[in-house]
Amino acid sequence: MALRRRPRCLALALGLLTAVLSGPRSFAQEENYGAAEVTAAEFEAIAKSAKEAEAHVSEARTAVSNAAQIIEKSDLTSKEKREALSKVKEVSNALQKYHVPLKRFTDMVAPIAKAKEVFDEISGFRGEVEEHRRNQGALAGDMKVIATLMERFGGKVPILGRFIKTYGEVTNAMLEATGKVAGKLAEQRGSDMVGAIGSAVTRGPNREKNAALDEQFPELCASRKFEPSQPGWLYRPIDSPTPQLIWDAEDGRWLMVPEDADARTIFRLCLRTCKRLSPKELHERCKHWKTQQNRLSAGREILAFLKTIRLSTGQARGAFRDTYAESNLKLKGVMNDSFDDPEAMDARYTCDSWARHEVNGFLGRLYTALVKRKTSPGTIAELVAIARKYDIREVLDLLKKEEGPGKLGCTGLKFSLEAPEPGREGRKDWAPSIGFELETTEEGFLLKGTRFEGRTVRNDSHGTDVTDVSGRVAPDMSRIESLTISRHIVNKSLQEDQRVEETTFRVTLVGIPQIRRGEDPLYYAYSAYENRKVGPNAHGKLPSGFRFESVQYSYSEKWVGRDQETHSTSLEGMNVEDLRYFSIKVSLSPLGGR
């Protein structure tokens, strides 16, 4: 197995990191950060070398991946293959952990030239390296096992042998350097505070900032101390997360961040996409924090869904592979980075319009592949739910054209409740019962967005029966958020007594849990008997969030007795706190057959 050699790149990168983080630096338009500062050329050199180190780790990951393929095709026994592949997986996971901080660091330093703007990244990077150092012994042993196996099958992978040695030689120095720099930057941050800090208002390097603060926000200047955050020109109070202030050095003025916005997160995510925001740009994005937050949430749900089907079995995995194979290389890179490090998807989907458009397009193509392969309704429903929640038109526009799994609806509903009338709990021999059953796969109540509703009607010589059903499904399909069943029944007897029975009830349930996914329809259910749970949730307490929102019930009966007089009786209400039996079962599946 021929691999291009990079025997010194990791050592060079980390050695430069040590030099950079401990050398002097100055900028004409930046306050002096003492020994922690480096020159622009040095910072550019460390960014370039760190990128080479990242490539070195990637090369090791490729070698391990190739080793797995060779082992799969080898003449090892089944037991030997399992043991060898277990080692490969451990090494692969470890190398992924090594790769993530390098990739994150190189992405975030690429668009900047000031160390103080990545203060948090330097501190976090140091912590991750410390963790890796503790695990290097086990990783070295596992890599040796893999290298030995490859030699047995004729594959030479010297990079596996070099990696631990090279990485280990520089780890101690790197930890020492990053620790010193973190301490110096923290100390400098303390001297760079503004606000209620006494004489510093009128003298020192921050006098311009304090004068502007006193002019624009005199109450804050007099009562609060503000310290630099990340970036160094974003300030927040030392005793609370808000209010946040942005120093715009170009105009010599402060910009107030909207109360609910997370300016630090926006800046970090944009750095991850190789875009450094100016103070004005950051302030503008903060004005639209709700949009940023919605995109952040969408990216996370999308990634969780893609991870699930990527690692699944059967048709869903096949649909994912088909869609991935048809994607362009740049999108594949975004997705692979995101599978390694979820923060990559946070950044790309939130701050990169190209990536967001491409990911949404991938979801549209994935939906088509899932339908084509006749994948489980549950998997398709989850994708549709995400699309509806975040208005992903690339999927929703396809639903208008499809006549299959996209037309999801309530195709099965069975409800029973038996509980005593209030005030009659002592009658252990009898309690009124109500119920309704809808069992069909051909017709049902169409799901529109996250809601469904429908009516069933019977009207004949024996009376009438009208039932109305309305429900709301959670956007992620994990539960029925609310379900209301209303029924009015009139039964007429054709016998001599002319008996007429009338029953009316309206029940609203909240939080019915999902208990089955997969090839079957989405299935939600809960049952209880004399306050003791039965069925799939037999152990423990009520499902989280489940309750009877309201129960209304009335029953009346009229008949003509032998004395030719009209008689009647009635009941009102049901005490669900003392229920005898309760069951609810709901199925969601494609309408028009499976």
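Predicted model: local features only at pLDDT ≥ 70, side-chain atom pairs only at ≥ 80, totals over all residues.
Residues are numbered from 1 along each chain as its sequence is written, and side-chain values use heavy atoms, with hydrogens and water left out. Local features need pLDDT of at least 70 and side-chain atom pairs count only at pLDDT 80 or more, while totals for chains, interfaces and linings use all residues.

**First stop: the largest pocket**

Select Arg61, Ser65, Ser92, Arg310 and Asp340, the lining residues that lie nearest the centre of the largest pocket. A pocket is an open set of points on a 1 Å grid over the protein atoms alone, where a 1.4 Å probe fits, with protein on both sides within 12 Å along at least five of seven lines; lining residues have an atom within 4 Å of a point. The lining has 27 residues, and the volume (the space filled by probe spheres set on the points) is about 1,200 Å³.

Next, colour helices 2 (40-73), 3 (78-109), 11 (289-310), 12 (315-325) and 13 (329-340), the elements that each give two or more residues to this lining. Helices are DSSP runs of H or I with at least four residues, strands are runs of E with at least two, and both are numbered from the N terminus. Helix 3 gives the most, with 8 residues.

**Second stop: salt bridges**

Side chains of opposite charge can pair when their charged atoms come close. The structure holds 25 salt bridges, each a side-chain nitrogen of Lys or Arg within 4 Å of a carboxyl oxygen of Asp or Glu.

Select Arg268 and Glu343, whose side chains meet at 3.4 Å, N to O. Arg268 belongs to helix 9 (residues 263-272) and Glu343 to helix 14 (residues 342-351), so this pair ties together parts that are 75 residues apart in sequence. Both residues are buried, a term for under 20% relative accessible area, with exposed meaning over 50% and partly exposed in between (1.4 Å probe, protein chains only).

Move on to Asp465 and Arg487, where the closest N and O atoms are 2.5 Å apart. Asp465 sits in strand 10 (residues 463-473) and Arg487 in strand 11 (residues 479-492), so the pair links parts 22 residues apart in sequence. Asp465 counts as buried because its relative accessibility is 11%; Arg487, at 17%, also counts as buried.

Now select Arg479 and Glu481, which form a salt bridge at 3.4 Å, N to O. Arg479 is partly exposed at 33%, whereas Glu481 is buried at 19%.

**Last stop: a network**

Finally, select Asp248, Glu250, Asp251 and Lys280, which are linked in a network of salt bridges.
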